[in-house]
Amino acid sequence: MKLNIGPVLKNEGAAVEFDSTVELGRLEYLGNTFDFKEPARVTGRVRSIGGTLELSGSITGRYVSACDCCGKAVEGGIDIAIDEAVNSETEDFDPECFVLSGTALDISGLINSLVWESLPMRLLCREDCKGLCSICGCDLNETVCNCDHTVYDPRFAILREQR
Ligand SMILES: [Zn+2]
Ligand SMILES: [Zn+2]
């Protein structure tokens with residue numbers, strides 16, 4: 001996503017507002033898939049203060065993923081604050097996040113890294129999700145199966161055989 005910051009580079013104290021969308025698509029993170037069906041919205045502004053570009057704004061979007069425990073579809077959202085400052089004169093900033101060519105500041109890298117950082121490591125359909133039965137595979141949130149979940153201690157197995 002490229003921002004034309006020409007007016008900001010020329011005038012100290014000037015600001016450029018932006019309101020755009022970014023296609024995030026399908027992200028794979030820690031074995032989970034985050035499917036952004038709609039593009040995420042990126043809004044904010046760039047301001048120049050003493051040779052420093054101040055970036056503020058937000059990234060918002062919604063995704064569909066799966067419960068880590070039972071696999072059911074779970075909807076979630078991102079609402080990330082953008083709050084960055086880069087020095088436009090030294091161009092001493094992370095090229096993974098910012099690319100400045102002429103008056104165009106590309107912040108695609110920054111958006112990507114902020115989105116990745118915000119994805120949850122663990123996602124549950126509900127806090128007390130019981131998951132699936134390890135034997136018959138039924139959803140234990142909805143049904144109670146008759147599977148035997150008792151874990152036998154092998155030391156007692158010998159006693160049972162002797163009976
Ligand atoms: Zn679940
Ligand atoms: Zn079962």
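Q: Hi! Before we start, what counts as a helix or a strand here?
A: Both are DSSP runs, numbered from the N terminus: helices are H or I with at least four residues, and strands are E with at least two. The model is predicted, so local features need pLDDT of at least 70 and side-chain atom pairs count only at pLDDT 80 or more, while totals for chains, interfaces and linings use all residues. Residues are numbered from 1 along each chain as its sequence is written, and chains are lettered from A and ligands numbered from 1 in the order in which they are written.

Q: Got it. How many helices and strands are in the chain?
A: The chain has 3 helices and 9 strands. Read from the N terminus, their order is β-α-β-β-β-β-β-β-β-β-α-α.

Q: And is the chain compact or spread out?
A: The chain is more spread out than a compact globule, because its radius of gyration (taken over C-alpha atoms) is 25 Å, well over the 15 Å from the globule rule for 163 residues. That rule is 2.2 Å times the number of residues to the power 0.38. The C-alpha trace spans about 90 × 30 × 20 Å along its principal axes.

Q: Which domains is the chain divided into?
A: There is domain 1 (2–126) and domain 2 (130–163), with bounds from an automatic or database domain assignment. Their C-alpha centres lie 47 Å apart.

Q: Let's zoom in. Where is Leu123?
A: Leu123 sits in the loop between helix H2 (108–118) and helix H3 (154–162).

Q: Why does Leu123 count as partly exposed?
A: Because Leu123 has 19 C-beta neighbours inside 10 Å. A residue is buried with 20 or more other C-beta atoms within 10 Å of its own, exposed with 12 or fewer, and partly exposed in between, with C-beta atoms placed from the backbone.

Q: What does Leu123 touch?
A: Leaving out residues up to four places away in sequence, Leu123 touches Asn32, Ser65, Cys67, Asp68, Val74 and Gly76; a contact means C-beta atoms, placed from the backbone, within 7 Å. Thr150 is 27 residues from Leu123 along the chain, and their C-alpha atoms are separated by 28 Å.

Q: New topic: how much of the chain is buried?
A: Of its 163 residues, 14% count as buried.

Q: How many residues has the largest nonpolar core?
A: That core has 18 residues, and Ile5, Val46, Leu53, Ile59 and Ile111 have the most contacts inside it. A nonpolar core is a set of buried Ala, Val, Leu, Ile, Met, Phe, Trp, Tyr and Cys residues joined through C-beta atoms within 7 Å. H2 gives the largest share of this core, 4 residues.

Q: And what does Ile111 touch?
A: Not counting residues up to four places away in sequence, Ile111 touches Met1, Val22, Val42 and Ile59.

Terms used: Two residues are in contact if their C-beta atoms, placed from the backbone, lie within 7 Å.
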